[in-house]
Structure formats: structure tokens, C-alpha cells
Protein chains: 2
Amino acid sequence: MYSIGDLSRRTGVKVPTIRYYEQMGLISPAGRSEGNQRRYERTDLERLAFIRHARDLGFDIPAIRDLIALSRHPEMPCAGADRIAEDHLSAVREKIEKLRKLEQELERIVSHCGGHSVEDCYVIRALSDHGLCEAEH
Amino acid sequence: MYSIGDLSRRTGVKVPTIRYYEQMGLISPAGRSEGNQRRYERTDLERLAFIRHARDLGFDIPAIRDLIALSRHPEMPCAGADRIAEDHLSAVREKIEKLRKLEQELERIVSHCGGHSVEDCYVIRALSDHGLCEAEH
DNA sequence: CATAATCTCTCTAGCGACTATAGGTTCAAG
DNA sequence: CTTGAACCTATAGTCGCTAGAGAGATTATG
């Protein structure tokens, strides 16, 4: 039997976050002590570790809900889980692409600025005048 | 004289967003028509275009506030603006780094999954068992 | 000039994934 | 039995908007 604090220390998930996950339906409401405090078992610990891991990998809460549902049906085909992971991977790749374009544009703006005063600062000028941009955005 | 809708069409910033920027102090409260509707001038248009541009480049609202303040003092040294842009660039690079690690891990997980059922699905197994991960996260 | 269509106004609430605070209760150690 | 840490619920705040309600203003058309 673990208290919510034990669970928190063992998984690295903060106490309020555990309660939040319960509210979001990622973990089922825990049993309670006589004084109404949450008491967890090993399975809850595993579930929470699963959630933490999925969050670290950037899955959002609805996706995690789906993954949990799938993981409880070992006999089902795993295409569903693959799909979720692949979709997420594409989303991550898209974000990277966008950020790389941003990076390039910012690099260009920053490196161009040899001015001494704001008047001829390339950073400010680039922001004021879209025509100075390389790419569309 | 532009209405808020005119401004919106000309800058691509949605009407409620313009009002939001006013609330956040990025644009000064506009003059009003007799019927209390906002009326803008060319300078407001330029200011809003500046903001839009900065947002497209990912600057957050406090940073934009600072950039605007700087742009109104053309005689000041531009180190401040450079600093803001450089800081933002570093933040973007960090995000990219994190996402690239995520991408690698997800790629590995997805590509390993040759299972047919959830029981031996690598996606689910990897989430359940941190030991299957390549990198720390 | 009347009416209809479109715009605009303010205010409030919602998104996602937490985090923080307040005010109170329970638990475990000494 | 007392103390202090951990726990409880409920609410509000974070960021950058977006959506909606209900009312008033403006503009275009007949």
C-alpha cells in the first residue's frame, strides 16, 4: 500500500498531477484509508509509470487514455497502438520542421545585425518590414 | 481610419486577438467612433503588423512588449533587441533538440513493432517498460 | 427613409496540462 | 499526546488566444 506521496516519489509524478490524472480518468480512483486518504497498490504504480513515460514521449492525455485502453486487451491487434504512435511521430516531425524554419530566420536576423543603435538594428527593422524576410511565414 | 475589421483583414490578425493585444498593452487603446467602435490609423496598422511578425517568429508577449518599447527609442543601443532575439533563438534551438530526441525514440519504438497483437506490441511494451528505452528522458 | 445584413461592443468561459494557494484533516514518530 | 509532515477539497492562475451570448452601431439596399 502506497500513499500518494510514495507514488509520487517512486514515479517522479507530482502529487497534484496524480490527482489531476485521476480526474482526467487516466487512473481509476484509488481506495481510501479510514481518514479518506488515497491508498495505492502495485498496479497503480505501474499504470502511473506508463503514463509518465507516455507523457515524457509527448503523448497527450486522450492518446494515453487510448493506449491504456488498448494495453488492457492483449489479444487485440496492435495496429491501433502503432497508429497512435505513428501519428504522434508525424506531429513531432512537423513541429521540428516549423521550428527549424524559425531557427533559420532568427539566425539570419540576429547575424545580420551589426548596428549600434536601435535605429539601424536589423532585429527591429526585420520585424517592422516583412520584406526583409527570407521565407514566407 | 480603419475599423477593427479592416485592421484584421489587412494584417491577418483576428478581431478578438486585436482586442486581446490591446488588453495586454501591446497596442494603445484606439480612438473611438461616436458609437464607441474602435477607429485605427496607419501607425496602428504598422504596429500590429510588427506584432504579428514577431508572433510568427515565436516571440512571446512580454518579449514583444520589450521590442516595441525599444523600437520607440531609435537612439538607444540595439544590444537589448539583439539580446531578446538571441535568447529566443536559443530557446528555439533547445526545443528542437528535445523534439529530435523524442523523434528518435519514437522512430525506434514504432519501427521495432512487428507484433500482431497488443500482447507483443513494442509500442505498448516500451511504454510499460522504461528499460526498453535508448536514451534517458 | 426604413429595414436588413453585417459589424462591433463587452463580458465570460474554455482550451491543455498542469501548478499554486487556502483552509482544513489525518497520519506517523517521539 | 503532541507535533509536524503529509494529505484532503476546491478554486484560481498559467499562455495566447478562441468562442459564445446578448446588445448596440454601421452600412448597403430597396
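Author: The size of an interface is often given as the accessible area lost when the parts come together. Here residues are counted instead: 47 residues of chain B are in contact with 47 residues of chain A, contact meaning that C-beta atoms, placed from the backbone, lie within 7 Å. This is a predicted model, in which local features need pLDDT of at least 70, side-chain atom pairs count only at pLDDT 80 or more, and totals for chains, interfaces and linings use all residues. Residues are numbered from 1 along each chain as its sequence is written, while chains are lettered from A and ligands numbered from 1 in the order in which they are written.

Reader: Which element gives the largest share of the side of chain B that touches chain A?

Author: Helix 5 of chain B does, with 19 residues; helices are DSSP runs (H or I, at least four residues), numbered from the N terminus.

Reader: How are the two copies related?

Author: A rotation of 180 degrees, with 0.0 Å of shift along its axis, superposes chain B on chain A with an RMSD of 0.1 Å. The two copies are thus related as by a two-fold rotation axis. The superposition is by least squares on C-alpha atoms of residues with pLDDT of at least 70 in both. Of the residues of chain B, Ile96(B) comes closest to that axis, its C-alpha at 2.9 Å.

Reader: Which residues come nearest to DNA strand D?

Author: Of the 20 residues around DNA strand D, these are Ser3(A), Gly5(A), Arg38(A), Gly35(B) and Asp60(B). A residue counts as near if its C-beta atom, placed from the backbone, lies within 6 Å. Helix 2 of chain B supplies the largest share of that surface, three residues.

Definitions and conventions:
Two residues are in contact if their C-beta atoms, placed from the backbone, lie within 7 Å. Helices (H or I, at least four residues) and strands (E, at least two) are DSSP runs, numbered from the N terminus.
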